[in-house]
Amino acid sequence: MAAELRPGVFTALFARMAVEAQAKVPAALAVIGTAVERQAKINASTGSHPYGTPTPARPGTGPARISGTLVRSITHTEPAMDFAGWSMKVGTGTGLYPRYRTMYGRTFTSKTPANKYGYYLEKGMLRNGAAYPFMGPAVTFATRHVAALAYEKVFGAPWNVS
């Protein structure tokens, strides 16, 4: 014997599902954002070299570490609801200026903050015109590999994106 669906049953069901999803989205975003941050820090450490010497990094790969300030500046915000839905920012934080030691032992502080330098590296806006992306590949990695796992972990259902 089939049960009769009364008016409002589907509305109530979908309302409960929406509330549950709103509660779970920040947890999934936090997993994905942390993965992007971790991968960006790995990508921004393609070898290392002293200031003023040629970089071992090849254009198209992540930059080589000079002072470590760029890697330390990579961070993320907590998931937050805004006008477009849930969002989270991952990238270089502001206010960090790298201290370099030259190959002659002299130290100085850069006039370019790490967040601008990271942007210049990512977009190829250096003197040689070469790009050393580290954030874009990290986002690609997280969306291809981590997002499905985070979705499955938080929502308990497989990720079916066509």
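User: Which side chain meets Glu37 in a salt bridge?

Analyst: This is a predicted model, in which local features need pLDDT of at least 70, side-chain atom pairs count only at pLDDT 80 or more, and totals for chains, interfaces and linings use all residues. Residues are numbered from 1 along each chain as its sequence is written, and side-chain values use heavy atoms, with hydrogens and water left out. A salt bridge (a side-chain nitrogen of Lys or Arg within 4 Å of a carboxyl oxygen of Asp or Glu) joins Glu37, at 3.3 Å from N to O, to Lys41.

User: Why are Glu37 and Lys41 separated by about one helical turn?

Analyst: Both residues belong to helix H1, helices being DSSP runs of H or I with at least four residues and strands runs of E with at least two, numbered from the N terminus. Glu37 and Lys41 lie about one helical turn from each other because their spacing in helix H1 is four residues.

User: How far apart are the closest N and O atoms of Glu20 and Lys24?

Analyst: The whole structure holds two salt bridges. Glu20 and Lys24 are also four residues apart in helix H1, about one helical turn. Glu20 is partly exposed at 45% relative accessibility, and Lys24 is partly exposed with a relative accessible area of 24%. In their salt bridge, the distance between the closest N and O atoms is 3.0 Å.

User: Why is the pair of Tyr51 and Phe108 classed as it is, and what is that class?

Analyst: Rings of Phe, Tyr and Trp (its six-membered ring) pair if their centres lie within 6.5 Å, with planes under 30 degrees apart stacked, over 60 edge-to-face and the rest tilted. The count by this rule is five aromatic pairs. For Tyr51 and Phe108, the ring centres are 4.9 Å apart and the planes stand at 75°, so the pair is edge-to-face.

User: How many residues apart in sequence are the parts that Tyr51 and Phe108 tie together?

Analyst: Tyr51 is partly exposed, with a relative accessible area of 34%, and lies in the loop between helix H1 (9–43) and helix H2 (69–73). Phe108 belongs to strand E6 (residues 107–109). The pair therefore ties together parts whose separation in sequence is 57 residues.

Definitions and conventions
Buried means under 20% relative accessible area, exposed over 50%, partly exposed in between (1.4 Å probe, protein chains only).
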